[in-house]
Amino acid sequence: HALWQFQVMGINGAFLTGDFFNLFVFFEVLLIASYGLMVHGGGAQRVRAGVQYVVVNLVGSTLFLIAVGLIYSVTGTLNMTDVALRVGQLTGDSAVLARAAALVLLVVFGLKAALVPLYFWLPGTYASASAPVAALFAIMTKAGVYIILRLSTLLFGTDAGASAHSGGVWLVVGGLPTLG
């Protein structure tokens with residue numbers, strides 16, 4: 001029960017936070033709980049799928065930290081509201097680094113949302129997890145989709161024209177094949 005509560009706390013925190021560092025912390029809380037939930041009950045297949053799940057998410061978390069460092073280096077803040085205000089004022093190399101950070105975050109949360117082609121971890125994980133855990137993991141992937149939508153407007157800004165909604169475009173491009 002404790003792991004389930006931590007999982008729910010992490011999911012709620014990821015949806016509610018207004019700071020990149022807190023977003024990272026809440027995602028780590030939900031991931032750590034999900035690691036335990038994934039392997040709960042044992043069995044070779046569940047442990048094998050759990051190890052793959054842990055490795056994939058550790059790579060994603062590392063990329064997340066790199067992107068957060070890039071954002072902080074060009075904006076001087078991790079508050080999402082302040083980042084949204086400052087990104088529109090960036091020029092030159094700073095603007096390129098902000099766009100690179102946004103693309104890295106798109107990959108990270110595309111991995112967490114299991115979008116094509118980053119969904120390779122999902123079938124084995126869901127098939128090996130118990131039914132209640134798989135249902136909870138389905139909510140986790142929706143958190144990745146929500147954060148892609150939220151961050152696309154923050155990092156590309158509302159005055160960026162067509163690129164302001166690029167996160168939504170990538171969700172459509174990655175989501176349609178994911179449905180099949």
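**View 1. The start of helix α2.** At the start of α2, the backbone nitrogen of Phe21 has a side-chain oxygen of Asp19 within 2.9 Å. The model shown here and in the other views is predicted. Helix α2 covers residues 20–39. Its 20 residues reach 29 Å from the first C-alpha to the last, close to the 28 Å expected at 1.5 Å a residue. Just after α2, Gly41 has a positive phi of about 105 degrees.

**View 2**

View 3. The model has 2 cavities of 30 Å³ or more. The second largest cavity holds about 50 Å³ of space. Its lining consists of Phe27, Leu30, Leu31, Tyr53, Asn57, Lys112, Trp121 and Met140. Helices α2 and α3 (44–75) each supply at least two of the lining residues, and α2 gives the most, with 3 residues. By class, the lining of this cavity has 6 nonpolar residues, 1 polar and 1 charged.

View 4. The pocket is lined by His1, Leu3, Trp4, Leu37, His40, Arg46, Ser130, Pro132 and Val133. Helices α1 (2–16) and α7 (131–156) each contribute at least two residues to this lining. The lining residues of the pocket comprise 5 nonpolar, 3 polar and 1 charged.

**View 5. An aromatic pair between helices α3 and α5.** The model contains 6 aromatic pairs. One of them, formed by Phe64 and Phe109, is edge-to-face, with 5.1 Å centre to centre and 75 degrees between the planes. Phe64 lies in helix α3 and Phe109 in helix α5 (residues 92–112), so the pair ties together parts that are 45 residues apart in sequence. Phe64 and Phe109 are both buried.

**View 6. The ring cluster.** Phe24, Phe27, Phe64 and Phe109 are linked into a cluster by ring pairs.

Key. Residues are numbered from 1 along each chain as its sequence is written. This is a predicted model: local features need pLDDT of at least 70, side-chain atom pairs count only at pLDDT 80 or more; totals for chains, interfaces and linings use all residues. Side-chain values use heavy atoms; hydrogens and water are left out. On a 1 Å grid over the protein atoms alone, a cavity is a set of points where a 1.4 Å probe fits but cannot get out, and a pocket is an open set with protein on both sides within 12 Å along at least five of seven lines; lining residues have an atom within 4 Å of a point. Grid points are joined across faces, edges and corners, and a volume is the space filled by probe spheres set on the points. Helices (H or I, at least four residues) and strands (E, at least two) are DSSP runs, numbered from the N terminus. Ala, Val, Leu, Ile, Met, Phe, Trp, Tyr, Cys and Pro count as nonpolar, Asp, Glu, Lys and Arg as charged, and the others, Gly among them, as polar. The expected span of a helix is 1.5 Å times one less than its number of residues. A polar contact is a pair of N or O atoms within 3.5 Å; within protein, one must be able to donate a hydrogen and the other to accept it, and residues adjacent in sequence count only if both atoms are side-chain atoms. Rings of Phe, Tyr and Trp (its six-membered ring) pair if their centres lie within 6.5 Å; planes under 30 degrees apart count as stacked, over 60 as edge-to-face and the rest as tilted. Buried means under 20% relative accessible area, exposed over 50%, partly exposed in between (1.4 Å probe, protein chains only).
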